[in-house]
Amino acid sequence: MDASDEPSRSEKDLLVHKEFPYNAEPELGQLIQHFITPERLFFCRTHGPVPSLDESTHRICFEGLGITDAPVSFSVMDLKEKFKKTSITMAMQCAGNRRNGLNDVKPTAGIVWGPGAVGNAVYAGCRLKDVLESLGVSPTLGHNPKLHVAFEAAQPVEKDAHYGASVPLSKALDEFGDVLLVYEMNGKPLSRDHGYPLRVVIPGYIGARSVKYLSTVRIQDRESTSYYQKRDYKILPENVATKEEAEPYWSKTPALGEYNVQSYVCDPPEGRHTRPSGQKHEVYGYALSGGGRGIQRVDVSGDNGKTWVQAELHTQPESERNSAYTWSWCIWKANVEVQENIRIMSRAMDTAGNIQQELPVWNLRGVMNNAWRTDVGNER
């Protein structure tokens, strides 16, 4: 793969895990200072070279089941001019966020992300639902559980010809699903690192489904055949410890969609402190949940989970929301009595009553870690 035309990243303030393809996350203390994550602090996840595309010439092809006169192509300007612009405030989280916690249990396969592979942004574009319906796709097609909408990127990647993913068609056609074809992030045109000139965003789903550098949208009667849909981003059984042992499980393990309930202590970073027992410590962190579920409560403990205090939540004001569901994260604050040499921990519950599990569930790909015990070897 050619790394000769990568964008400049001099303004980013990120911890780089891999120079090429570029993968990096912010320091926790900086991340938590902003409800809307500035781009310089927004994690970057990529599987290949960043393509050099031109909005004025780039076109997106729509094809497949239910589309009249397929294939049909639009330029980015067509999408801007023909379809209503809308925006959502949405948390984007890599499925591998907090992989380091699983890697501490046993080595995993993948970049060892810390808890900074998440960010909260305002995405603007047009609804995929509106575009598909303009092409003759009936809303009733979404009732068919076999149908998926697959996305392909104009990006060569490490393990496939192009990056690709899919979600159930029902998600794309859901009036309240808020799946967008995005051309702006935080009020500015998408940067190259974040998908310029067009990407799809799938609220409430793992970031791997929000395909950047979008080139093709296809309605089909099966999931995407992309490597990253079929042989990655799956929670394999705990007993599967090698790539060879994983082979029979890829075809029978479901692909990840919605992410689980999550929270983390960011200040003090990782919950580590130097204060003596009995002192109070002001603590900050983030919390989020997938599928449009909000955060009901965050509990914080300074004594290894024996007692908990309830955090104060900072969420998106209802007056600023234009979505029926909650796609944004919340930032929380708590004042907790600490114990010397004991990490501060947080535990979130979402509006459906889902709560973070206590212990990490190891899996080979190191995905969906949401354990509230963050240092199992030293704390039990």
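How many aromatic pairs does a search of the whole structure find? The search finds nine, where the rings of Phe, Tyr and Trp (its six-membered ring) pair if their centres lie within 6.5 Å, with planes under 30 degrees apart counted as stacked, over 60 as edge-to-face and the rest as tilted.

## Basis of the model

This is a predicted model, in which local features need pLDDT of at least 70 and side-chain atom pairs count only at pLDDT 80 or more, while totals for chains, interfaces and linings use all residues. Residues are numbered from 1 along each chain as its sequence is written, and side-chain values use heavy atoms, with hydrogens and water left out.

## Overall fold

The protein chain contains eight helices and 19 strands, both taken as DSSP runs numbered from the N terminus (helices are H or I with at least four residues, strands are E with at least two). Its radius of gyration is 21 Å, close to the 21 Å that the globule rule gives for 380 residues, so the chain is as compact as a globular protein of that length; the radius is taken over C-alpha atoms, and the rule is 2.2 Å times the number of residues to the power 0.38. Along the principal axes, the C-alpha atoms fill a box of roughly 70 × 50 × 45 Å.

Buried residues make up 55% of the 380 residues in the chain, where buried means under 20% relative accessible area, exposed over 50%, and partly exposed in between (1.4 Å probe, protein chains only). The accessible surface comes to about 15900 Å², of which 47% belongs to carbon and sulfur atoms; these areas come from the Shrake-Rupley method with a 1.4 Å probe, and for residues only the protein chains shown count as cover. Among contacts (heavy atoms within 4.5 Å) between residues at least 6 apart in sequence, 70% join residues at least 24 apart.

## Aromatic pairs

Among the nine aromatic pairs, the one formed by Phe43 and Trp113 has ring centres 6.2 Å apart and planes at 85°, so the pair is edge-to-face. This pair links distant parts of the chain, with Phe43 in the loop between α1 (28-31) and β3 (59-64) and Trp113 in the loop between α3 (99-103) and β6 (118-127), 70 residues apart. Both Phe43 and Trp113 are buried.

Phe62 and Phe74 form an edge-to-face pair too, at 5.6 Å centre to centre and with 80° between the planes. Phe62 lies in strand β3 and Phe74 in strand β4 (residues 72-75), so this pair ties together parts that are 12 residues apart in sequence. Phe62 is buried, with a relative accessible area of 0%, and Phe74 also counts as buried at 6%.

## Charges over rings

Arg347 lies over the face of Trp308, at 4.0 Å from the ring centre, under a criterion that requires NZ of Lys or CZ of Arg to be within 6 Å of the ring centre and within 35 degrees of the ring normal. Arg347 is placed in strand β19 (residues 345-350) and counts as buried at 17% relative accessibility. Leaving aside residues up to four places away in sequence, Arg347 touches Ser263, Arg297, Val298, Asp299, Trp308, Ile355, Gln356 and Trp372.

Elsewhere, the charged end of Arg365 sits over the ring of Tyr233, 5.7 Å from its centre.

Asp178 is located in the loop between α5 (169-173) and β9 (180-185), and at 4% relative accessibility it counts as buried. The side chain of Asp178 makes a polar contact with the side chain of Arg127 at 2.7 Å; a polar contact is a pair of N or O atoms within 3.5 Å, where within protein one must be able to donate a hydrogen and the other to accept it, and residues adjacent in sequence count only if both atoms are side-chain atoms. Not counting residues up to four places away in sequence, Asp178 touches Ile88, Arg127, Val201, Pro203, Ser323 and Trp327.

## Backbone exceptions

Most residues other than glycine have a negative phi, and most peptide bonds are trans. The peptide bond from Tyr196 to Pro197 is cis, with omega near 5°, and Pro197 lies in the loop between β10 (188-189) and β11 (199-201). The bond from Asp267 to Pro268 is likewise cis, with omega near 5°, and Pro268 is found in the loop between β13 (262-267) and β14 (280-288).

Glu270, in the loop between β13 and β14, has a positive phi of about 65° although it is not a glycine, and counts as partly exposed at 23% relative accessibility. Asn304, in the loop between β15 (295-301) and β16 (309-310), has a positive phi of about 70° and is buried, with a relative accessible area of 15%.
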